[in-house]
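Please read this briefing alongside the sequence and the model. It takes the topics one at a time.

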Amino acid sequence: MPTRRVLKMGDPLLYRKAAPVENFNTPELDSLIADMFATMVEQNGAGLAAPQIGVSQRVVIFGVESNPRYPEVEPVPTTVLINPQLEPIGEEMEDGWEGCLSVPGLRGLVSRYKNLRYTGFDQQGKPIDRTVSGFHARVVQHEVDHLDGILFPMRLRDIRLLGFEEALFPDL
Ligand code: NI
């Protein structure tokens with residue numbers, strides 16, 4: 001499972017609407033997902049969408065382990081989510097700092113739905129149906145945005161809410 005090059009903001013492939021997956025449980029899908037995990041782990045990402053490695057299909061992966069050094073970050077189960085549908089629960093929004101492997105070195109304060117139901121399929125075609133909130137909901141919204149050609153800087157209310165990591169978080 002080779003790692004793949006992650007496309008960076010400005011590459012036209014990142015701004016396309018990705019196509020739904022039609023066939024599950026195939027060697028092609030398995031190898032795409034294996035490459036995505038290898039790439040995400042190598043780059044310490046919390047999630048990755050197939051368009052970020054140049055594959056215009058509706059496939060995202062994500063997952064964050066619990067880390068005792070960062071108790072404020074809620075763990076998110078390792079998930080393969082295909083052909084996702086999002087359904088916000090309520091109208092409550094929450095601001096949070098986001099980064100992206102396609103926007104290296106930058107962070108932005110983005111408003112997302114706090115509570116969310118998401119459905120879709122895993123790589124075997126088994127249905128997924130979860131109701132989540134907070135950081136988990138944020139990660140899913142960020143990744144699914146990639147499938148519609150949206151990068152987090154396009155969600156900023158104010159360009160001043162975008163900055164370099166070392167300037168925003170000098171203690172990290
Ligand atoms: Ni991203």
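**Sheet, cores and metal site**

Strand 2 (residues 59-64) and strand 3 (residues 76-88) run antiparallel and are joined by five bridges. Strands, at least two residues of DSSP type E, and helices, at least four of type H or I, are DSSP runs numbered from the N terminus. This is a predicted model in which local features need pLDDT of at least 70 and side-chain atom pairs count only at pLDDT 80 or more, while totals for chains, interfaces and linings use all residues. Residues are numbered from 1 along each chain as its sequence is written, and side-chain values use heavy atoms, with hydrogens and water left out.

- Five strands make an open, antiparallel sheet in the order 1-2-3-6-7; two strands count as paired if DSSP finds at least two bridges between them.
- Strand 1 (47-49) and strand 7 (127-133) are the edges; each has a single partner strand, so one side of each lacks a neighbour in the sheet.
- On average, neighbouring strands of this sheet are turned by 35° against each other, direction ignored.
- Strand 1 is joined to strand 2 by three bridges, and the two run antiparallel; Leu-48 stands opposite Ile-61 in strand 2.

**Burial of strand 2**

- Six of the six residues of strand 2 are buried, so the strand is largely enclosed by the rest of the structure. Buried means under 20% relative accessible area, exposed over 50%, and partly exposed in between (1.4 Å probe, protein chains only).
- Both faces are covered, with Val-59, Ile-61 and Gly-63 buried on one side and Val-60, Phe-62 and Val-64 buried on the other.

- Helix 1 (residues 27-42) lies across strand 1, strand 2 and strand 3, at about 40° to strand 2. Axes are lines fitted to C-alpha atoms, for helices over the stretch in contact, and angles run from 0 to 180 degrees between N-to-C directions.
- Ile-33 touches Val-59, Ile-61, Val-80, Ile-82 and Gln-123, leaving aside residues up to four places away in sequence; contact means heavy atoms within 4.5 Å.
- The largest nonpolar core has 17 residues, of which Leu-32, Ile-33, Met-36, Val-59 and Ile-61 touch the most other members. A nonpolar core is a set of buried Ala, Val, Leu, Ile, Met, Phe, Trp, Tyr and Cys residues joined through side-chain atoms within 4.5 Å.
- Helix 1, strand 2 and strand 3 each supply at least two residues of this core, and the largest share, six residues, comes from helix 1.
- A second, separate core of 16 residues includes Leu-81, Leu-116, Ala-137 and Val-139.

**The nickel site**

- Cys-100 (SG), His-142 (NE2) and His-146 (NE2) coordinate the nickel ion at 2.1 to 2.3 Å. Donors are N, O and S atoms within 2.8 Å of the metal (3.2 Å for Na, K and Ca), and water is not among the atoms, so sites may look incomplete.
- Along the chain, the donors follow the spacing C-x41-H-x3-H.
- Cys-100 lies in the loop between strand 4 (93-98) and strand 5 (106-113), and His-142 lies in helix 2 (residues 134-147), 42 residues apart.
- Cys-100 counts as buried at 10% relative accessibility, and His-142 is buried at 7%.

**Helix 2**

- 13 of the 14 residues of helix 2 are buried, so this helix is largely enclosed by the rest of the structure.
- Just after helix 2, Gly-149 takes a positive phi of about 75°.
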